[in-house]
Each structure stands twice: as C-alpha cells, then as structure tokens.
Amino acid sequence: MSDMANGDQVAHRETHPAHPAGTRSALEGASHTSQASSIEELQLEVQQLRTRLAAQQHVIDALVESAERGAESVARLGTQHIVEQRTAHLNYAKRVLRSVIEALDGALCIVGADGTVLDANGRWLHGLLPDTRSCGHAPDNPTHHAGDPAADRFRGGDTATQAPAPGTIGSNFFAWCRTAHGMQDLLAEAATVVRDIISTDRPTTDDEATPGTSISGERSVKGRVTLDGAERWIVVRVHPIRDHDDARAVVSLIDITDPMRIQEQLRQATEEAQRLALVARATDSAVVITLPGGSIEWVNDPFTRRTGYSLAEAIGRPRRDLVHGGCQDSAEFAAFLARIARGEGADGEFPMTSRHGDRYWANIQVRPVLDGGKATHMVWVEQDVTARRQTQHRLREEMTRAERLATALSQEKTLLTGVITAIPQLVFWKDRHGRYLGCNAAYLAFRGVHSETDMLGQDEASLGLDDAMTQALHDLEAQVIASGQPLVNRKMDLTDNHGQLRALLLSVLPLAQGADGARGVIGVGADITHARELERQLAQANRLESIGQLAAGIAHEINTPIQYISDNTRFVAEATSTLLGAAQHVAALADSCDAGNGPMAQAKAIMDALELDFLGQEIPNALTESRDGLTRVTEIVRAMKDYAHPGSGRNDTDVNRAIESTVQVCRNEWKYIAQVHLDLAPNAGLAPCFEGELKQVILNMIVNAAHAIDEDRARPDHTDLGNITISTRREAEHFVITIADDGPGMDEKVRHRVFDPFFTTKQVGKGTGQGLSLAHAVIVTKHHGRIDLDTAPGHGATFTLHLPLNPPETGTTPTSDPTATESDPP
Amino acid sequence: MTRPQILFVDDEPSVLSALRRMLWKRREDWDLHWATSSTEALNHLHGQHVDILVTDMRMPGTDGAALLEQARLRYPGTARLVLSGHADHDSIIAAAGPTQQFLSKPCDPIALENALDSAVATIRLLDDAQLRSLLVDFRSFATG
C-alpha cells in the first residue's frame, strides 16, 4: 500500500508543473517561487490524503469482505481452530483499521442506517474543527473512546440507548448537522447526501447525475464556513458502505482552507505569469533572461530578430558572446557585466552589431530576480534606440549648427551695430506707424536725445522734441509710406538742438516692401554743413578767380587806350604850350607897334578876342587834370590787376602793397562813408601768406567796417564820414594787421557769434553772413594765425590779425571749428 | 652820324599815332617807323636797317614774343624793347629772353624817351659790330 501511495506521489510530482521551471520561476519572481513550492507541497498533501483515504477504504472493504467470508468458512468447515484463527485475524485487522482511521488528518465518522454515528476517529471526537468543541459538542469522555471505542462501536445495538451528546458516537448525525454552528449550510447539504446514500441500497451507477459523485460512489460537498470568526473551506466527503452491518456511510470533514488559499494564489500567480509571459513575448524590446553569471536561459522573438540568434542558439551561452562590433571589449561594457555578475541592476547604452552585421544602439536595462534577497536570474530588457540616438545626434548637430549660426549672427549684429553706430551719418529706422525701431549715435546727438532707449517705440509726437526735424520727417515719411518709393537726398536746412544751422542731405527709404506698401522707413541723413561751406568757399574762390582773370583782361584792354590817351594828352599839352607861347609872342608884337587900321590892327583884335590869358592858364590846367585822371585810372587798373593776381600757395608777400591795392579796389564801398587811413610800417617787409585769400579777408573787413559805420550814420545825428584805420607792424613772431573802425561796435552776444557762418546783423539782402566766418577760416585755419576782436557798443571795433612769420610746414589743416573766436597759439 | 632808326609795332593804330605825336618833338634826333603787325615789322626789318625795335606783346597773327625771337636771330644788331599792356607773368617770361627792356602800358612818356635814349646811347657805345654781336648772346641786360 505504501508503495502504491509513493508511486502516486511521484506521478503527481512529475506532471504538476505547467510551465518550464526556469521561465515560470523567473517570471513569477521570488514570492511566486516560494508560493508555488508551498502550493505544490500542500496539493501533494491533499493528494496524499485522498490517496490514503482511498487506500483505507480498500482496506476496510477488504477487511469487511474477508470477515464475511471468514464467517461463511467457519460455518462450512466448522472447526474452532479456524474460527479462532479467523477471529485473531479479524482483531488484528480491526486494530490496523482503527489505527489507520485515527491517523487520518480529517475528522471521520461512520453513519448507520438510522443516522446514528456508529464510530468516529479522534479528530472527529476531539474536534478537528474548532467549533465542534466550542459549540459544546466535545466528547463526554475521551478516555472512554481511548479504551476500545472500536469494540464498542462494533458491538452495536447498545448505542441507541445511551442518548449521547450530538456528534459523539451513538448520537444522531443529522441532529448534529443541524446544530453545528457556523457550518449548518454545508452540513445540511452533507446531510442530504448522507440521507441519499443511506436510503439507497446500492450506490447509483448514474453517478454523473449527482454533482460531486466519484466513480467509487463517493460524493462530496465543499463549502465555505465561518469558524471562530475566520472563514474556512471545508470539504465533506460521503462514502457509501455496502453490506457491512448497520454502517451505511463514511463521512469525513477535511479543512482544505490552506490548499484552497494556495490554489487561489497559484491561480493568480499563474495568471500573472501568463500575462507577463505574454508581455515578454509580445513586447518589441528584446528580453533576455540570464543567470547572474550571464548565461542565457531564455530570449524572446524580438531578441532573435534584433541579434540574429534564436532561442535554441542562445540558450546556455553568455550574453557577451552574442555581442559584436567591439563594444563587448570596452571597459564600460565590462563594468556593466561586472555589476550584473554581482546581481545588481544595471542600465547602459551600447553600440552593437547584430550577427548579420547590422549596427544599432541598444539601451539595456538589467534587473535581478530576487529570491530570498539573492539574485537568481537577471532579466535584460534591450531596446533598439538607434533611431533615438540618431535623432539625438542630429539634434546635437542641429544645435551645434544653430549655436554656430547664433554666434555668427551675434558677431554680425555686433559688427553691424558697430558700423551703424560709428558712421557719422544720421541713421534711424521706424515702423510704418512712425515709431522708432532704432537709430545711431550721430542721430541721437543731432536730435539731442540722451540714449536710444528714450527713442525706441516713440513716434515724433510722443518724443515731443518739436524741432525743425520733426515736421520735415513727418512729411517725408508719410510720402514714403504711401508710395513705397524712396526719397533720396532731400536737401534741407535745419537748426540742430544746439541752435546751429545745419545743412542736411536726408534720404528716406522704405524699410521693406510688403503687399500693403512699406513696412517702415529707414532714414539716412548726411550733415553736409561743412561740405556745403567748403563748396560755397570753392564757388566763391572760382568766382573770384574768374573775376580776377576778367579784371586782368580788362586791365589790358584799358591800358592800351590809356597809353594813347595819355600820349596824346601829353602831345596836346606840349603843342598847346608851344602855340600859346607863339600866340602871346605875336600879341606882344602887335601891341608893340602902332597897328592903325592895317592887317596888324586886325591881328591885334583877333589876339585880344582869344583871351590868351585865360587860355594860357586854363588849357594847361585842363590837361594836367586830365593827366591826373588818367593816372588815377592807371592806378585803379593796376590795383585791380594786383588784387586779381591769384598767387599760388603760400608765398612771401608784400602785405602793405596787398593792403593798398585792396583798399583801392573797394574804394567805392567806403569812399562816401568813411575815410581810410593807412598806417603801414614802411619796414614791415614780406610775410608768408596766401596772398589772394589775405586780400579777400582785408576786403571783407573793410567792407564790413564800412557797412557798420554806414548803419550808424543812418541815424540823423551821425552824418560825418567815419574812419577806418588800417595799420601794419612786424613783431618777433607775427605780422600784425589791425583794421579799426569807429562804427557802433558790438555787444557781447554778437561778438561771440560774429565768426559763425551765416550769422549776420545786416538787413536782408545786404550780407550773407559769410564774410567774417571766411576771415576766420583763412586766418586761423589756413594761416594758423589768430583773429582778435576788441569791441564794445559805441566804441567801434578793432580786428587784429596775427599772421605767423614761421608757420608750420603743413599749409592747411583739414578741419577746424569755424565757431571758435580764438585760435590756437602758433 | 645817321639818326637812329626806331621801329614801333602795335596792332592798335591809335597807339602808334599817339606815339608819333608825342615823339614829334624829337624828330631831329630819331627817324621813327611804324608797323601794325609782326609781318609788316619783319618786312620792314628785311628792307632796311633798324637800330631799335619797340613792340607790343599781344597781337593777332605772330605775337610780340615770336617777333622778338626772330629779330634776335636774324637782326642781332637791333636793340629790342617791349611796350605792352600785358603785365602778367607769362608775358614777361616769354619776353624775358629776346627783349632787353620791358615797358608796361600805360608808359610814362618821359620813361619811354629815357628808355629810347639809353638804348641809343648803348648802341653808340657799342658801335662795333663784333662787340654788338657778342652782346647779343647776353639775351638781356639792364639798361636802367
């Protein structure tokens, strides 16, 4: 019997596992593994129990059968010996049966035809189930049963008279079923089955019709009961007994709570494992299960697809052996494997090459499967991240490129900003609503705005400068915005924020051409004040030069008639003198003789009529005055020729003569206004000068002085001629020219601006305001000299020009501030 | 001794007639001749000896500078004077070589007479053909 049971156990053990042990254990994890083993054990126990029960049933059957046969043979053979032998045999069998019954885990009782509990094992009587005792159904006297309960039981008959407690031997099974607390439902069902079996002589062959019926006729009910407040699973098995005295059924109660719970856990674990296995199979990631040492136990299909190694090829080989492409030899990969070998989780990303040579990037996450704190397996999840790596790489490249571009752009911007800021032209740009988007330093300075931030976002109205530029810009920008056409090089004269008159060449251009016209405007303004001044000076110089050439030509043309007029005058004077002398002689002769009425008397009369005294006095006077006039004309022509003499470069110049000729040339400007007094040092000598320009300066100064005096003379009490005194002297370092007038003088305000271009106090049309600024440019800038002005209202004005006798080598300096009233010392 | 022969050249006839009147009083001292162009002057020079040539600078056709230069080369014995209204730089430079004295119009009659007198005196002084031809190589000399 024990051999059979063992064989049974072996058979169960072999057929039990549903999955390959490795796969399941790995997927279920540590807890599942231990649960599985305990489920296995418990199930095994249950199985053993059942097997043992079945075996016991056989034993009982066999015993009963042999007992029956024994009785028959006793009767047939009729020998006492045999009876004794059989009785001894039977007693032995009974003892064996009793011990087997007592050894059972479950509670067991035998129910008779009338429902009486005929017999029960210790577990039934002592209470396998806690509530059989707690409900007061504990056996009355355990020792009673301990003696020879089986013998009592099988004596039979007397049990009904004892009226025992429910559940004990001799009590009614059905009554007990009704009173067992917490198990009534289950026991009611069990009672039905028992009743059913008792009432049937033979076990039905249509077992299938009744649920829970086994082939041997055993029927069972299984149910959940509540014992001591805990829920338990109890199975009640009812096994029919045939032809055995009064006994009709063996009822056993087995607590299958633990097996049931384990079964449930097993079921859940299995489901989980199946789900996980599904995931492992279905996932796109390659999944590898290895031992911590790296030896492969299982791989999924994606692994095969990626690496080219099938499950069969991979099993048993180290994961490292299936890595190609060189990464397997890297220190990083070695460290990665070392971590895995220690049973630690590890993450890494490695360049791999498949068996077929495909290169890819694998992101590998390895996690240990722990059992009792020890890693039993390692699960590798390997993801192909080539696309991501490529994307990242591209992204990095893009970013690098973007950064490079940004750097280049920033440099470009810095350069551009630098250029725009540095250029002296005024630059600004605005949106289509006239709001500033930017401007350069020159523009800020011109508008008198402190910083660009004060400008940005403002339009002309909100800026509130209200200068000459405001209106000019408003009109030009409106035109450009409306037409989309640039307006180039508009000349305009504006007063800047310092009150200086500036000439601007302003261009307004559309910023960008959209479908709806200009999106904004760019303004570029060149300050051409200085250029225009130079232009004007050049034009004047050109005009003076042509006038000079003309004057030279005219002088020649005039000189020729003067030549013969003066020659003729002289001839006439001499001839007249001769004639008059002869006439006077003839008159004297006529007077000295007594003429009578003869021809002599007639001659005397003619001579008297001539009034020779008057002619003799007036004809020479007339001719002398004519000659004086011719001399004057000659002088003027010579002065003109001198003045017009352009001179080339800085030459040693007879300044005194230059002054004389200039005074002569502009005589018409002063002769009715003032007297010009020349106080020229006779030994002044030569000075290095730009003669033409110097003469121009002196001319301007004389004309200016004359105009000042004339303005003063316009008042009724100033009718006398004024005085202009020009003097020269030579000092150690300078040739000094002073031009003084006794005109009205100037106040301080005028004095400070007298050299500014375009500044004039004269009536409109009388002056251009250029004279003194030109004087300043010539003396200070060109000659490196100095102009001093000594003046006060009512005290005239004295300009003193200092011309250096030893000027610096450079003839001119390119720029100078024409507004300065004092020059640098030489 | 024969009177000095003086040839005046000017494109303006009035200048010549005025000179003729003014110098009429010296008719005993000099024989005066007149030409209104360089061509006429050169013809005159070709036809008879001239001691002193006095010419204007700016004239139509051959100008004074060219006339003086030809006179210097072909009639080295003739003294050369300029009487011109062109007191400008270029004219003076152009005449500087071939002339011996530069008189500017309008010229004071006394100054002209003095210039002619001194020229005659110089000629008289250097009345030696060889010496005069030597002197020609000095393109100009001051006569005071």
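Is A:Cys109 buried or exposed?

1. The model is predicted. In it A:Cys109 has a relative accessibility of 0% and therefore counts as buried, the limit for that class being under 20%. A:Cys689 also has 0% relative accessibility and so is buried too.

2. No disulfides are present over all chains of the structure. For A:Cys109, the nearest cysteine sulfur belongs to A:Cys177 and lies 8.2 Å away. A disulfide requires the two sulfur atoms to be within 2.5 Å, so A:Cys109 is in none.

3. A:Cys109 sits in strand 1 of chain A, which runs over residues 107-112. A:Gly122 is 13 residues from A:Cys109 along the chain, and the C-alpha atoms of the two are separated by 9.6 Å.

4. In chain B, helix 2 (residues 38-47) and helix 3 (residues 64-74) have axes that come within 10 Å and cross at roughly 15 degrees. Angles under 35 degrees count as roughly parallel, and helix 2 of chain B and helix 3 of chain B are therefore assigned to that class. The crossing of helix 2 of chain B with helix 3 of chain B is right-handed.

5. On the side of helix 2 of chain B, the contact is formed by B:Ser38, B:Ala41, B:Leu42 and B:Leu45. Helix 3 of chain B contributes B:Leu67, B:Gln70 and B:Ala71. Sorted by class, this contact of helix 2 of chain B with helix 3 of chain B has five nonpolar and two polar residues, with no charged ones.

6. In chain A, helix 23 (residues 691-713) packs with helix 25 (residues 771-782) at an angle of about 145 degrees, and their axes are 9 Å apart. Helix 23 of chain A and helix 25 of chain A make a left-handed crossing.

7. Which residues meet between helix 23 of chain A and helix 25 of chain A? From helix 23 of chain A come A:Glu693, A:Leu694, A:Gln696, A:Val697, A:Asn700, A:Met701 and A:Asn704. From helix 25 of chain A come A:Gly771, A:Leu772, A:Leu774, A:Ala775, A:Val778, A:Ile779 and A:Lys782. The contact of helix 23 of chain A with helix 25 of chain A has eight nonpolar, four polar and two charged residues.

Methods: Residues numbered from 1 in each chain as written. Chains lettered and ligands numbered in written order. Predicted model: local features only at pLDDT ≥ 70, side-chain atom pairs only at ≥ 80, totals over all residues. Heavy atoms only, no water. Axes fitted to C-alpha atoms, helices over the stretch in contact; angles between N-to-C directions. Helix = DSSP H or I, 4+ residues; strand = E, 2+ residues; numbered from the N terminus. Parallel < 35°, antiparallel > 145°, perpendicular 65-115°, else oblique. Left-handed = near helix turned anticlockwise from the far one by under 90°. Contact = heavy atoms within 4.5 Å. Nonpolar A, V, L, I, M, F, W, Y, C, P; charged D, E, K, R; others polar. Buried < 20%, exposed > 50% of the residue type's maximum accessible area, 1.4 Å probe, protein only.
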